[in-house]
Amino acid sequence: MKRSIAVICSLLLITHAIVVPINSMASQTVEGVVKEEESSEDDNLALDEDGKVNEESNEEVSDNEEEISVKEESVNVEENTTEEENITEEEDDNQESNVIEEESSNVEDDAIEDESINIEGDVTEDMGEDLLEGIEYENLTYDGTIQIDGMYSDWKHIPHTDISWYSPDPDKVHQGALYLDGDILYGHFKMNDAYKSQMIVAFMELTINNSTSVGLTIQKGTPDGDIDWSADMYNLPQGITTGLGVFYTGYPKYYMGESVFTVYDSNHLIGDEVEFAIDLNVISKITDIPIESMREIKLYNPNIGSDAIVIAGSSSGAVVGVIFMTVIAAGGVLYLRRKRISSCCDEK
Amino acid sequence: MNWLTFIALIIWVYILSVLRRGKLEFWHFLIGSAGLFVLFMIFVQPLLTTPLTKAVTMASGSIGKVLHLFEGYPEYALLFIKNKSGAISLIVDYECAGIIEMAAFFSLLVFFPVYLRMEKVIVGIFGGLYLFFANVIRLVVICVIIAIFGNEAYFLAHTILGRIIFYALSMFLYYVVFTKAQIIRQKVGSFRYEDE
């Protein structure tokens, strides 16, 4: 008895000793992959978390152009005072300086608009935090592999599904992916650059086990947790729009999680991206399907394509299987033992 | 380990000692294997789940890569299958990694009186590897069926065919390890084992 206890305890200790370093090595894999991608993308980053890089670059561009326009104005003034030239040339110079001034003023206006957008973004971040108040599922996106922050490098190595409305060109399709981390379902859509229009996320459909569907919409929220229908989700500004949420389209308007929408270019020459989180506890509440019973989850965005993103579990049915096999094994013992006894008795 | 678990462990060990002294072999086997399974799930399963899921994903993904039918992403424990009706991502979590089956097998084996101690260690190692590869075969079969027949075949592939294959392979293991060994090694007459 003492030996068996000692053997059991030593086996447990050995497994602990072997598994802990293996687990730490295994858990480093995702972090290492993400860190490598982040370091390789430093030169190509167009937007950081607050859009400050874009804002700063716009400001620098506007500053540079202001300097150029100022210089050209001073050059024009000197030309007017020191030399007498043809009126057409002066007019051309003035026209050029006016054009440059107009361009610089337009860039200034854009920069101001971007600032206001980012200011609004900061406000919507606060609103997003307000939305989470009173909701029991706080910090839906912290401490996970995916962060809802408008930076999409964490989606780099997750496989994406091609989505389109029967596009004949395989290079002109949108991309979508789902990732399940515990009870939180993360989603990501990226528009193809060829379409040059804003991605619409006003309606999506989440289907559980191919039977129960839930309508979702990504909208701006009000402080009381309702949808702000006055916000124009069809003309989002350039930059990262935070403070969005995933809502149930039915009644009541359950809030399911955060969302962030990124418009890289006002003319959508670069495809928009959106990432969001959906708390499956809310889905379970709406559909009365326990999370453990959600075998297959399908997300469909009809605004960008007919293809749905599908994520499924691959449970082996362990409990039922173990019971089944134990019963079979024990039954087999009884049967074969009786057979052997009876054959021995027959021989005697 | 909290104090409640520690007390339960002490009680379990005491009950086993009582059953051993009372020569109640069946109850000793039953309570011992059940208790060890619970201990395994409490202490060992959280540590083994992540590396096991990654290993299963890596092994399955390697086969899928050779077949050019699906891909494995061990860092995310995902199997990604592209097919005619789109694509599907299969999550390999602790229910899919075979950790529960391995825990049950080891728990039953440790308290199975037929084998000698060293035999238990060797049978346990080979049985664990067998269950690992049986799970890999199950996942590969599921992925191949979905890759060929589309997402609509998911229910048939996963719930029926994959489980039938895994249960059949596991039943064979249980038959060889427990049933056949029991029958071969026991003596008819007064019930005793070969090593007694």
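Select A:Gly176 to begin: A:Phe189, in strand 3 of chain A, stands opposite A:Gly176. The model is predicted, with local features needing pLDDT of at least 70 and side-chain atom pairs pLDDT 80 or more, while totals for chains, interfaces and linings use all residues. Residues are numbered from 1 along each chain as its sequence is written, chains are lettered from A and ligands numbered from 1 in the order written, and side-chain values use heavy atoms, without hydrogens and water.

Next, display strand 2 and strand 3 (residues 184-190), which run antiparallel and are joined by seven bridges; strands are DSSP runs of E with at least two residues, numbered from the N terminus, and two of them pair if DSSP finds at least two bridges between them. The two strands form a hairpin with two residues between them, and A:Gly182 in the turn has a positive phi of about 70°.

Then move to A:Glu275, in strand 8 (residues 273-279). A:Glu275 is buried but has no salt bridge, the nearest side chain of opposite charge being that of A:Lys190, 12 Å away. Buried denotes under 20% relative accessible area (1.4 Å probe, protein chains only); a salt bridge places a side-chain nitrogen of Lys or Arg within 4 Å of a carboxyl oxygen of Asp or Glu.

Finally, show the whole of chain A, where buried residues account for 41% of the 348 residues.

Definitions and conventions. Helices (H or I, at least four residues) and strands (E, at least two) are DSSP runs, numbered from the N terminus. Buried means under 20% relative accessible area, exposed over 50%, partly exposed in between (1.4 Å probe, protein chains only). Lys and Arg count as positive and Asp and Glu as negative; His and the chain ends are not counted.
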